[in-house]
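Okay, thanks for coming, everyone. Let me put the model up and then walk you through it.

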Amino acid sequence: MMVRIMRISAQFATMFFSLGIIAKNTGFTALIALICSMNAEIYLTSNSKGFVTAKLPSSIAAFWSQSSEESLHLYNGPKGCLMGVIHTGKGNVAEHEKLRKEGNKCFVSLPKGITSVEINNVDWDAPKALAFVEGFLLSDYRFDKYLTKKSANAPLQVTMSGKGKEKLHEVQVVCNAVNTARNWVNEPVNSLNAQGLADVFTDLGVDAGFKVEVFGEAQIESLKMGGLLAVNRGSQEPPTFSVLEYKPKEAKNAQPIVLVGKGVVFDTGGLSLKPTPNSMDMMKCDMGGAAVVGAVFEAVARLNWPIWIVGLVPATDNRPGEMATCPGDIITMFDGTTVEVLNTDAEGRLILADALAFAKKYDPQLVIDYATLTGAAARALGTYGSALMAQAPDSVVKSLKKAGEVTYERLAELPLWEEYYEEIKGGIADLKNLGKGEGGAQSAAMFLRHFTNYPWAHIDIAGTAFSTSASHYTPKGGTGVGVRLTLEFLRQQING
Ligand SMILES: [Zn+2]
C-alpha cells in the first residue's frame with residue numbers, strides 16, 4: 001500500500017480531484033495530498049474510492065473561501081478520510097512546532113498496513129512544510145529489535161522529491177540521526193557497554209565518513225585519566241575513550257568545535273547506590289550525552305557539512321564492585337587536579353572533566369558538552385527543556401538558544417556564579433565532587449569549568465534525554481534531544 005503526498009494549489013482544485021482518479025487508476029489504496037501553496041491541503045483517505053467520492057466537508061469549503069491564521073487544519077472527512085491545510089510562508093517557531101505535531105498526527109492517522117509514503121512536488125523551501133515532514137519522520141520510530149513478534153507496522157519507506165530537494169534530504173538525514181541516538185539510549189547495558197559504544201561509533205564512522213580512534217584501558221591508564229579510571233574501578237568491564245573527528249578540506253573553521261558526551265553506559269551510583277524505582281531503573285540512559293555526540297557526527301558527515309568537529313566520549317559503567325571508589329577517596333585527574341570523591345553517584349563530572357582537560361590540546365574554537373548530569377537540572381526545567389551553562393561569547397550563547405527555539409529543543413540558561421565554585425572547592429583536595437543540593441546543576445557545571453581554558457558551553461540533558469511516556473513525535477524512552485539542537489547550531493556556524 002502506498003501513500004502519495006503532492007502539491008496542489010487552490011487554482012488547481014480540479015487537479016485535486018483528478019489526483020483521486022490517478023490514485024484509483026494506479027491502484028493506490030490510500031493517498032495524501034500535501035499542498036503547500038496559498039490554500040494548501042492534506043487529503044488522506046483510507047481507500048481510493050473514498051478519495052474520489054469524498055465531497056468536501058462544508059468546513060473545508062468555508063475555509064477555501066477565506067484565509068485563516070491557522071497553519072494547519074485536520075478534518076475528519078467522510079468515510080474516515082482526513083483533510084488538512086498548510087499555508088505557505090516561513091512561519092514562526094511556535095507554528096513550526098505545531099506543524100511537527102500535525103506531522104505526528106498525520107503519521108498516527110495513516111491507515112494500517114501502509115508501508116511506503118511518496119512525497120512529490122512539494123515546495124520544500126517552505127519551512128512550514130519541512131517542519132511538518134520533520135514531525136512526520138520523527139514519529140516513525142519504534143525500538144522493537146528485542147520483540148520476537150515485531151509490531152505490525154514496519155518502518156515506512158519514505159521517498160521524496162520536489163523543489164528544494166537538498167533541504168528535504170537534510171531533514172531525512174537529521175531525523176535518521178535522531179533515531180540513531182534514540183536506539184543507542186534504548187539499548188540496555190548488557191548489549192551496549194563501554195566497548196560496545198566505542199564499537200558502534202567505529203562502525204558508524206566507517207559508514208558515514210568520519211574518523212574514530214578508541215583508547216582502551218591501557219591507554220587510558222597511561223594517559224592518567226584518573227576521573228574515568230576512578231569511576232570504572234567498581235566495574236568488571238574496561239572503560240573506553242573515543243575520539244571522533246570530521247575534518248573536511250573545505251571546513252570553514254580553522255579551530256575545531258569539540259563536542260564532549262557523557263558516556264556512563266549504566267549508572268548504579270556506585271557505592272553511593274541509587275534506589276531502583278524512578279532512578280536506577282532508567283540509568284541505561286546515562287550515556288545520552290554520548291549518543292548526541294555520535295549522532296551529530298553521523299548527520300554532519302553524511303551531509304558533508306564544511307565544518308571541523310571533534311568528539312570526545314569517555315565511557316564506562318558505574319558499579320559498586322569490590323574495588324569501587326569509596327566516598328572519601330582522593331583521586332588525581334588527567335590534568336593533575338586532585339578531587340575528593342564525596343559521592344560516587346556524582347560520577348559524570350569526573351569522566352567529563354578528564355575529557356574537557358583533554359580537549360585543550362585541540363586549541364578549540366568552542367567546546368560543548370552534553371550530559372545527563374544532575375537531577376537538579378531536571379527538577380528545575382522538567383522535561384520541557386535542557387539547562388545551558390556557558391562561559392562563552394554572547395554570540396555563541398545566543399546562537400545556541402536560537403537553535404533551541406528553532407528546533408524546539410529549548411535551552412534555559414542557568415548562571416555560573418562564583419559562589420557555586422566556592423561550594424566545590426576542597427578542604428583536603430583541590431576540589432570535591434559535590435556541592436550543595438540546591439543549585440546542584442550549577443555547582444556541577446562549575447566543577448567542569450575548572451577543567452576548561454576555552455569558550456565552553458555545558459548542556460545538562462538530565463530531564464530531556466529519556467522520556468517515561470510518549471508525547472507527540474517524541475517516543476517513550478530515548479528521545480534524541482540535543483541532536484537537532486546541535487545540528488541547527490552548527491548550521492548557523494557554517495552559514496555565519
Ligand atoms: Zn550518577
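Let me start with a question: which residues in α4 are buried? They are Glu95, His96, Glu97, Lys98, Leu99, Arg100, Glu102, Gly103, Asn104, Lys105 and Cys106. By buried I mean that 20 or more other C-beta atoms lie within 10 Å of the residue's own; 12 or fewer is exposed, in between is partly exposed, and the C-beta atoms are placed from the backbone. Helices here are DSSP runs of H or I with at least four residues, strands are runs of E with at least two, and both are numbered from the N terminus.

Before going on, the ground rules. This is a predicted model, so local features need pLDDT of at least 70, side-chain atom pairs count only at pLDDT 80 or more, and totals for chains, interfaces and linings use all residues. Residue numbers run from 1 along each chain as its sequence is written.

So how confident is the predictor? pLDDT is its confidence in each residue, from 0 to 100. The chain has a mean of 83, with 76% of its residues at 70 or more. Confidence is lowest in helix α1, residues 13-25, with a mean of 32, and highest in strand β10, residues 257-261, at 99. Two stretches stay under 50: residues 1-57, where the model has 141 contacts beyond four places in sequence, and residues 63-85, with 61 such contacts. A contact means that two C-beta atoms, placed from the backbone, lie within 7 Å. Where pLDDT is low, the predicted coordinates should not be read in detail.

Now the overall picture. The chain has 16 helices and 21 strands, and 53% of its 496 residues count as buried. Of the contacts between residues at least 6 apart in sequence, 78% join residues at least 24 apart.

The largest nonpolar core has 124 residues, and Val296 and Leu356 have the most contacts inside it. Helix α10, residues 288-302, supplies the largest share, 10 residues. Where does this core lie? Domain 1 (2-140) and domain 2 (175-495) both contribute residues, so the core lies between them. A nonpolar core, for the record, is a set of buried Ala, Val, Leu, Ile, Met, Phe, Trp, Tyr and Cys residues joined through C-beta atoms within 7 Å, and the domain bounds come from an automatic or database domain assignment. If you zoom in on Leu356, and skip its neighbours within four places in sequence, its contacts are Val260, Val367, Asp369, Leu448, Phe451 and Thr452.

Val260 takes us to β10. In that strand, 5 of 5 residues are buried. Ile257, Leu259 and Gly261 are on one side, Val258 and Val260 on the other, and both faces are covered. β10 pairs in the parallel sense with β12, residues 309-318, over 4 bridges, and Val258 stands opposite Val310 there. With β15, residues 366-371, β10 also runs parallel, through 5 bridges, and Gly261 stands opposite Tyr370. Pairing here requires DSSP to find at least two bridges between the strands.

There's also an open sheet of 3 strands in the order β13-β14-β18, with mixed pairing. Its edge strands are β13 (330-332) and β18 (431-432), each pairing on one side only. β13 and β14, residues 338-340, are antiparallel over 3 bridges, with Ile331 partnered by Val339.

Back to α4, residues 93-109. At 1.5 Å a residue, its 17 residues should span 24 Å, and the end C-alpha atoms are 24 Å apart, so that agrees; the expected span is 1.5 Å times one less than the number of residues.

What does Tyr473 contact, leaving aside neighbours within four places in sequence? Arg100, Lys101, Gly103, Asn104, Gly135, Leu138 and Ser139. Tyr473 sits in the loop between β20 and β21 and is buried, with 26 other C-beta atoms within 10 Å. Its C-alpha is 9.6 Å from that of Val108, 365 residues away along the chain.

Lys224, in the loop between α8 (217-222) and α9 (226-232), is not a glycine either, and its phi is positive at about 60 degrees. Lys224 has 15 C-beta neighbours inside 10 Å, so it is partly exposed.

How values were computed. pLDDT = per-residue confidence, 0-100.
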